[in-house]
Amino acid sequence: MKKSLVALLLALAMILSCCAYAEEFTPRTLLTNFDGTSMELPITTEPVGFTVMQGIRDTDATTMSPDLWYVKKCEADTGIHIDYIQVNISDWSTQTNLMFASGDYADIIIRSSGTIDTEMYGVDQGIIIPVDDLLQYMPVLKTRMDVDPGYYAAIIKSDGHMYAFPKASDDGTRIDNSWFINKTWLDNLGLEMPDSPEKLMDALRAFIREDANGNGDPNDEIGYEATFDEMQNSIPHMWGIGERNEHYMIDDDGKVVFTPFHEHYREAVEFMATMYAEGLMDPANITQDGNAKIAVYNQNNIGMATCWRLRSMGWDVLLEDMAWIPPISAEGCQFQCSTGIGAASEDCYLTVAIPENELEIAAKWVDYLMCDQCMYETYYGPEGNIWTWNDEGKCEIGPAGDQGVMEYSLGVNGIYYLPPFYYNETFVQPDYRVERIEYQHYYEENGCLQKNPSNILSNAVSLTPDLANEKTQIFANLETIYDQAVADMIMHGVTDDAWDSMINSLKAAGADRYVEIYQNAYDAYLAK
Amino acid sequence: MRLGGRTRYWEGVKKSFKRNWQLYFFVAPAVAYYIIFHYLPLYGIQIAFKDYKAVKGVTGSPWVGFKHFQTFFSSYLCVDLIRNTLLVNIYNLLWGFPIPVILALFLNRLRSPRFKKFSQTVIYVPHFVSTVVLAGMMYIFLDPNNGFVNAIIKALGGTPQYFMAESRWFRTVFIASGQWQNAGWGTIVYLAALTGIDQEMYEAARIDGASIMKQIWYIDLPSIIPMAMMMLILNAGSVMAGNMTKTLLLQTAGNKGTSNTIGVYVYTMGLTQAQFSYTAAIGLFQNVVSFVMVMGVNAVSKKLSSISMF
Amino acid sequence: MAENIKKRGHGHSMDRMTTGDKIFTVCNYIFWVIVLLIVLYPLYLIVICSVSDPYAVMNGEVLLWPVDFSLIGYEKIFAYKTLWVGYGWSLIYTVSGTLLGITLTMGLAYALANQFPGKGLINFMVIFTMFFSGGLIPTFLVMKDIGLYNNPMILVLMGSLSVFNTMIARTYLQTSIPKELYEAAEIDGADHFQYFFKCVLPLSGTILAVLSVYIAVARWNDYFTALVYIRDKQYWPLQTVLQKILASLTFSAGDVAEMFQDNYTDVAETLRVSNVVKYCAIIVSTLPAVVLYLVMQDYFVKGVMIGSVKG
């Protein structure tokens with residue numbers, strides 16, 4: 001008798017312990033948020049389901065299967081069944097084209113880093129529906145949006161409506177790449193942190209010509225390590241040209257400038273040409289892609305880098321020797337970075353495929369995901385695994401870091417609305433974010449942020465489909481001419497002939513029209 | 001008399017009909033395939049002449065005539081695009097035509113069966129190396145700092161070149177890597193043709209005292225000519241082809257002058273969704289050129305060697 | 001019809017070589033040794049890169065031996081739950097697609113090698129498809145209408161016929177099947193079915209081998225059809241499963257850091273491993289193709305076939 005009782009208890013204990021390991025998720029009935037809003041769950045008890053086309057970055061290992069913890073949790077909480085169609089970003093364009101063409105629309109589209117042209121599919125063709133009226137059912141999101149309407153103004157389209165729910169995960173930093181120099185080498189050679197382009201060049205010359213890394217061989221050091229685009233997006237900053245990728249900037253008077261036409265641009269290119277000619281930059285900079293650059297970073301034998309940050313990017317080994325360079329201004333100029341405007345972007349779209357009577361439920365589903373608990377679960381997985389709520393009520397990532405999110409959840413591919421005022425109240429920024437926030441303080445205090453951020457043109461200013469097409473076609477040619485000409489000049493020197501030839505080609509290819517398109521759109525934006 | 005003649009005539013017709021109707025059985029499944037997979041969707045060609053809007057479908061979208069073609073041909077770099085595309089493809093054809101033939105002829109003459117089989121398999125494997133890996137390897141081999149190609153050049157006393165960053169090297173890199181990848185694959189068809197040669201011809205040639213080179217020239221080569229001409233005709237259409245993935249991977253800032261081809265242009269345009277009709281128009285242009293080239297080469301081939309697609 | 005075994009291909013008797021021939025043979029061997037070195041070195045490099053540290057590979061440190069030997073690339077590939085399923089499906093699609101393709105192609109090629117009313121029209125119709133097509137979206141819509149969307153059958157059907165293969169097969173039939181055979185059969189009163197199956201096919205061993213290789217490899221390498229038409233990932237063939245890895249290297253290598261800055265440690269590690277996995281992917285997916293070719297080679301090298309000659 002006793003034996004069988006013990007056996008029974010043992011069996012019971014074993015079963016219970018299995019239950020503890022099985023990821024049984026207890027649905028919640030109420031979620032409360034930092035700003036006092038809350039949400040009651042489940043959203044519906046009737047069998048409602050949606051199809052969601054979810055974009056996932058190719059580098060993320062997430063698989064949107066019904067077994068994913070995130071999917072199970074959402075269904076348990078809300079009572080809504082979701083069928084996910086996972087689309088990798090490299091296929092995004094093809095899959096969305098096919099979906100729109102076939103008329104068989106998903107109910108909800110979440111784009112992650114793919115693109116959806118809402119002017120065309122929303123305003124023009126009505127496949128994507130405006131969501132302004134649905135905000136009345138979404139207290140969590142609406143309260144947060146009302147704190148700063150300017151923050152999401154960019155997603156209001158040309159007809160005055162919003163065609164998507166806003167997305168943001170903004171820690172408040174506005175700067176772009178930061179500059180780093182090898183402090184150990186500076187110390188070895190008895191040099192000071194450079195504060196002018198000439199001193200920077202001298203430091204690099206010392207690195208290359210002398211035995212900076214102290215191993216006995218004066219010839220094995222690498223100077224400036226970057227990709228071609230990175231160089232173009234960084235070096236001109238010293239002359240006040242805060243450009244990034246699309247070769248435009250807005251000067252302090254509100255005029256859109258095509259950066260190669262800027263009065264100091266030639267000096268920037270000559271600087272790079274001198275670096276190349278004297279072997280102060282890695283010649284591979286002209287051709288290598290990001291992966292190859294990271295491989296060189298990991299050898300920890302470089303003199304200078306212009307990258308996003310040092311921590312948690314895959315090149316932590318550089319932390320041993322590299323140090324941040326306070327922004328350097330050329331003579332008579334003020335360093336200007338390409339300043340981010342800090343605005344929400346579009347992310348979650350509803351299509352006409354949703355039946356009228358289910359629109360409210362769909363809106364509430366999105367609102368559910370905007371609750372604090374959910375946002376961090378989307379971002380980092382189950383509570384207690386990678387993150388917890390600390391004593392101050394903020395989400396904090398454990399010492400192990402944020403690896404392994406993809407087994408449970410979507411990471412950056414999900415939905416959240418975290419403008420800086422909310423993000424910094426509910427989240428303990430990890431040290432790699434803190435790093436950039438510190439750089440930003442210096443930028444703010446020393447006039448390194450642009451008065452008129454040029455990123456407005458890509459984020460907040462909207463062009464009609466025809467103008468957007470024209471701009472794309474012109475820019476494709478401009479970029480080709482620019483890249484080829486500047487690469488040649490960097491490798492072979494800047495001559496008057498080469499420079500004038502490039503400027504003339506750019507003009508002939510429509511650079512002025514490019515500027516005009518953006519100037520008109522910018523003026524219209526300011527007038528609003 | 002008349003009765004007899006009519007009987008014979010009908011017998012003739014019956015006989016040819018007896019043979020012909022069976023041929024329809026041979027082609028019927030293939031014809032069905034082409035109708036379903038190629039002709040039913042063919043209405044989509046009109047997208048090139050319309051302003052395609054997904055919500056209106058292909059038939060409902062408004063006509064714009066030749067507007068897209070005008071936009072393309074008036075683009076500032078259009079001439080460069082076409083020139084770059086033509087040059088890289090024509091050079092590719094020029095090299096890609098004789099190399100597999102030569103390889104096949106000499107491979108066929110290897111005496112050791114094991115060495116021959118080994119060689120045959122080895123040269124065929126590069127075809128399976130994906131473009132991503134091929135491009136990655138080119139960057140590594142041609143690296144200005146660490147690549148072994150430059151190391152060899154330096155050892156031989158030459159000046160190292162920055163292959164991937166100079167416009168003038170792009171085509172060489174593109175074509176050389178392409179030949180490495182596909183020349184061996186191209187020998188398959190020619191080896192097949194070579195196995196069909198009658199043994200007696202070699203006996204006769206040897207008795208006549210012909211050397212191996214003569215045998216190749218007078219026996220082997222002519223037996224490959226029909227297949228080679230057919231391959232040339234079929235490949236002639238690729239002169240305006242896109243080669244998007246490979247060009248994209250091998251393109252760097254420094255070689256954009258020559259690497260800017262139609263394939264890359266279409267990719268850049270296709271990234272914004274509104275350009276769908278535009279890229280369709282460019283595609284149609286490529287197809288028309290392809291058609292004209294193939295028909296032209298076919299006509300020439302028919303005159304010179306009586307090999308034709310028809 | 002009497003049947004003789006006819007030996008094709010040239011003989012290997014060594015005793016009747018002239019000096020010129022001997023020089024040629026030696027030069028030929030040297031030529032092939034050089035060719036093999038040029039071809040083999042990168043292939044060898046792929047093998048050792050698949051077990052080396054990816055950063056060492058990109059920095060050009062891997063020349064003759066693996067550097068920092070590690071099997072992480074293979075671990076990652078085999079950890080792909082869908083990989084083995086994909087392998088299985090690829091085999092099924094390839095085998096059935098090849099059988100179907102050979103049937104359709106030989107039938108069409110044979111008919112086009114003969115004369116019959118309407119031949120010109122069909123010939124033109126086939127050739128026309130080589131140049132002009134409706135494009136991706138109309139094809140997609142048609143496939144949806146006829147029920148081939150999300151249907152694995154499409155991976156067997158689509159691509160089974162190609163103008164290229166048809167023309168090659170037709171050329172082969174026109175040049176390698178002797179005319180006397182046809183006349184003999186005609187006199188015998190044979191119809192097309194009998195002639196094809198009894199005479200033409202047995203003589204077509206070589207072209208059947210060529211077609212098998214061409215069609216099988218095309219089906220095996222095709223990643224795009226499944227990507228567009230098959231939504232249920234459980235039916236995906238191997239190359240489509242592997243495509244995601246390669247795509248992350250093709251299209252996101254140049255992306256701006258700010259898109260990646262979150263969860264970046266994961267991203268950096270994924271990209272780093274992807275640079276190894278791309279080599280492993282080639283080895284994993286190429287092996288069956290090499291095996292196939294080794295099997296098919298007998299038809300090329302020896303070329304022993306059964307021919308038929310009357311009287």
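## Chain A: overall dimensions and the β3 pairings

A compact globule of 528 residues would have a radius of gyration near 24 Å, and chain A, at 27 Å, agrees with this; the radius is taken over C-alpha atoms, and the globule rule is 2.2 Å times the number of residues to the power 0.38. This is a predicted model, in which local features need pLDDT of at least 70 and side-chain atom pairs count only at pLDDT 80 or more, while totals for chains, interfaces and linings use all residues. Residues are numbered from 1 along each chain as its sequence is written, and chains are lettered from A and ligands numbered from 1 in the order in which they are written.

Along the principal axes, the C-alpha atoms of chain A fill a box of roughly 90 × 65 × 40 Å. Buried residues (20 or more other C-beta atoms within 10 Å of their own, C-beta atoms being placed from the backbone) make up 49% of the 528 in chain A.

Chain A has 18 helices and 16 strands, which are DSSP runs (H or I, at least four residues; E, at least two) numbered from the N terminus. Strand β3 (residues 48-56) of chain A pairs with two strands listed below; pairing requires at least two DSSP bridges.

| β4(A), residues 80-88 | parallel | nine | Q54(A) and Q86(A) |

Technical notes. A residue is buried if 20 or more other C-beta atoms lie within 10 Å of its own, exposed if 12 or fewer, and partly exposed in between; C-beta atoms are placed from the backbone.
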